[in-house]
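Me: I have a structure open and would like to go through it piece by piece. Could you help me read it?

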Amino acid sequence: MPENIEETDEDAAFLHGFDRILSGAWSAQLLADSLRVLADGVCEVAGFGVAALSVLRDAGHLEIVAVAGNSEAERELLGLTRPISELEKDIADSVAWGTLRFVPHEYVLGREDDMGWVPTFTPLEHEDAWHPLDMLFAPLLDEDGEVRGVLTVDLPVGGLRPGPRQQSLLRRYVDVSSRVVGALLERERAAEELRLAAAARNIVRVASGQLSLDQLIEASQPEIIDGFRAEGMWLHAFDNFGRGADAIYSTDDREVVLPPELVDAAHSAARAAWAAQRVIVISRERPAATGIDPAVFESTLRYFESINVATALLVSLGAGEECLGLLVLVRNPGSREWRRSDARWAREISQDLGRAMFNARTFERERKVLEEVRALDSYKSRLIATVSHELRTPLTGILGYLELLEDAQVGPDTRRQLNVVERNARRLEGLVVDLLTLSRVGDPARPVSPLPVDLRTLVASAVELVGLEAARRNLRIDVVAQEHVVAAGESAELDRLCSNLVSNAVKYSHDGGSVRITLGADADSVTLAVSDDGLGISEADQANLFGEFFRSTNPEALAQPGTGLGLAIVQRIVQRHRGRIEVDSVLGEGSTFTVTLPRA
Ligand code: ADP
């Protein structure tokens, strides 16, 4: 019987636990553990078979967080929530015993189903006998008189309604419980804040380093799930770039594909939420957010229930005015509801995740454009390769027959006409050879197999090739070469490079001008510079010089025959050899092309 408890024992027992709870030693413990100590004390010291403590959660719900004295009651009650309005009903039905509230079983008739756990026992034959449906509880109030929790007891030891002494003992527990619950809720809130703040920092750090939406999802998912204590998430971008698929990624890597009508509803909800800068909770426990169609809300809830989701937090993501996508966090039944702090921190990360999403979208678009450009480029290369191959065969036939006709007996007019045909066929042959070379040196599947190549020999033969024309136009060609200028490369390609540069220098020089070729070497590289004092190249033309088929806008240069492929071939050869090419030119004064190649 509680009446039998000695005063001294009672005080000692009363103090047991609370000093620890309220001292710093508590700090590492969880709220539930600490309240369990309190509930144990209520059972043992105040003499009850069951004691339960519930605390107020954000949603206006009381959640039972500690149950002591009876394991069956603990199993059934722990984690249960009920709206605070029901507590108000209980208070209205009750008799006040000071701060305690007693609801005799007669008052409960008709509300038995609301009662949670009801013990089974036969009441004593006594006018003060405790009845299974009797209720005794006390609201735990803060300094402002607001409800922060409830202490509920049942099964008074001895089977009678508590007398004045047991009541006063219980009231002492109510006082302490009020203070403890208040302090613990504060601490819990502070710890939660700290944790969410740290999580948000992590999420932002991880998210901002990601390039694509795929990577963003992959990298931020564990941080988000962990940080928000969610069981699954759905990160979705509006214009469906990248993977941003219509799926909820759960922690066990299951993907739940959402029905399209739900995706549409989520999109419009996200846009509205972004405009209002708020987050939306989707849960049976909450009314639908304003602006959401109740029917859609209900079907969303039903869909969630079908995939074992009890509550979801919808966070819209964006940058500036623009809403770019959404993040949906979900929790399974049995997990706690979203709190204000979750919502606040979710809003906090929405800007940063939005920015990461914006970057991912830009990256994705650039990648697509680049892919298209590459596809176009490879199409062009294939076209050039095919066309030049197809041209070569008939051209070989034409040139072969022209050679046979060289010795034929024909009149002077026919001979002249044959010469014209041959000149044009040779030009065409030059073009075909250039095209074939261009596609060969542009083929990434054919890398260079470098061998030592003496550039002095190549320059000498390039000079020899233009020798006749230079002499005819009274051009002077000087070669200034160091000993041992040996590059690492493919001889045929470097030969082509030298002759293209030297023949251009001659071609675009004034009669009587001069061309200077310099060859040098240092420890790792060799340098070939071809200078002329000829037409020069305007700055605008210099920007396009190495493009395929580019010919100068300068009419004087255009007057010379050419295809615009020479420098494109040169540049590709240089690139394939991991070299460099630079142009230094002034229109009307002359040009210098400088090529640097790895040394053998
Ligand atoms: P092509 O000589 O067949 O036109 P290239 O690719 O070799 O093609 O050169 C592209 C253009 O660059 C030429 O049309 C010419 O206008 C300009 N160019 C090249 N080399 C020189 C040079 N040494 N001096 C002036 N212009 C040059």
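**A hairpin, a sheet and a ligand**

Reply: Let us begin at the hairpin of strand 12 and strand 13, where two residues lie between the strands and Gly320 takes a positive phi near 60°. Please keep in mind throughout that this is a predicted model.

Me: Ok, and how many bridges join strand 12 to strand 13?

Reply: Nine bridges join strand 12 to strand 13, which covers residues 322-331, and the two run antiparallel. As one example of this pairing, Leu317 has Gly325 in strand 13 as its bridge partner.

Me: What else does strand 12 pair with?

Reply: Strand 12 also pairs with strand 11, residues 280-283, in the antiparallel sense over four bridges, and here Ser283 has Thr311 of strand 12 as its bridge partner.

Me: Is strand 12 mostly covered or mostly open?

Reply: Strand 12, which spans residues 311-319, is mostly covered, since eight of its nine residues are buried.

Me: Changing topic: in what order do the seven strands of the open sheet come?

Reply: The order is 3-2-1-7-6-5-4, and the pairing is antiparallel. At the edges are strand 3 (81-83) and strand 4 (95-97), each of which pairs on one side only. On average, neighbouring strands of this sheet are turned by 30° against each other, if direction is ignored.

Me: What holds strands of a sheet together in general?

Reply: Strands of a sheet pair through backbone hydrogen bonds, and they do so either parallel or antiparallel.

Me: Which strands does strand 1 pair with here?

Reply: Strand 1 pairs with strand 7 in the antiparallel sense over seven bridges, and Val55 stands opposite Gly149 in strand 7. Seven bridges also join strand 1 to strand 2, again running antiparallel, with Ile64 in strand 2 as the bridge partner of Ser54. Strand 1 is mostly covered as well, with eight of its ten residues buried.

Me: And how do strand 6 and strand 7 pair?

Reply: Strand 6 (residues 135-141) and strand 7 (residues 147-156) pair in the antiparallel sense over six bridges, and within them Ala138 stands opposite Leu151 in strand 7.

Me: Which strands does helix 5 touch when it packs on the sheet?

Reply: Helix 5, residues 84-93, touches strand 1, strand 2, strand 3, strand 4, strand 5, strand 6 and strand 7, and its direction makes about 70° with that of strand 3. Helix 7, residues 164-208, packs on the sheet too, touching strand 1, strand 4, strand 5, strand 6 and strand 7, and its direction makes about 140° with that of strand 7.

Me: Now the ligand: how many residues surround it?

Reply: The ligand is surrounded by 20 residues, and the closest are Asn504, Tyr508, Arg551, Ser552 and Leu567. A polar side-chain atom of Asn504 lies 2.8 Å from an oxygen atom of the ligand, while a polar side-chain atom of Asp532 lies 3.0 Å from a nitrogen atom of the ligand. For Ser591, a polar side-chain atom lies 3.4 Å from a nitrogen atom of the ligand. The protein covers 97% of the 520 Å² of accessible area that the ligand has on its own.

Technical notes. Residues are numbered from 1 along each chain as its sequence is written. This is a predicted model: local features need pLDDT of at least 70, side-chain atom pairs count only at pLDDT 80 or more; totals for chains, interfaces and linings use all residues. Side-chain values use heavy atoms; hydrogens and water are left out. Two strands pair if DSSP finds at least two bridges between them. Axes are lines fitted to C-alpha atoms, for helices over the stretch in contact, and angles run from 0 to 180 degrees between N-to-C directions. Contact means heavy atoms within 4.5 Å. Buried means under 20% relative accessible area, exposed over 50%, partly exposed in between (1.4 Å probe, protein chains only). A residue is near a molecule or strand if one of its heavy atoms lies within 4 Å of it. A polar contact is a pair of N or O atoms within 3.5 Å; within protein, one must be able to donate a hydrogen and the other to accept it, and residues adjacent in sequence count only if both atoms are side-chain atoms. Accessible areas come from the Shrake-Rupley method with a 1.4 Å probe; for residues, only the protein chains shown count as cover.
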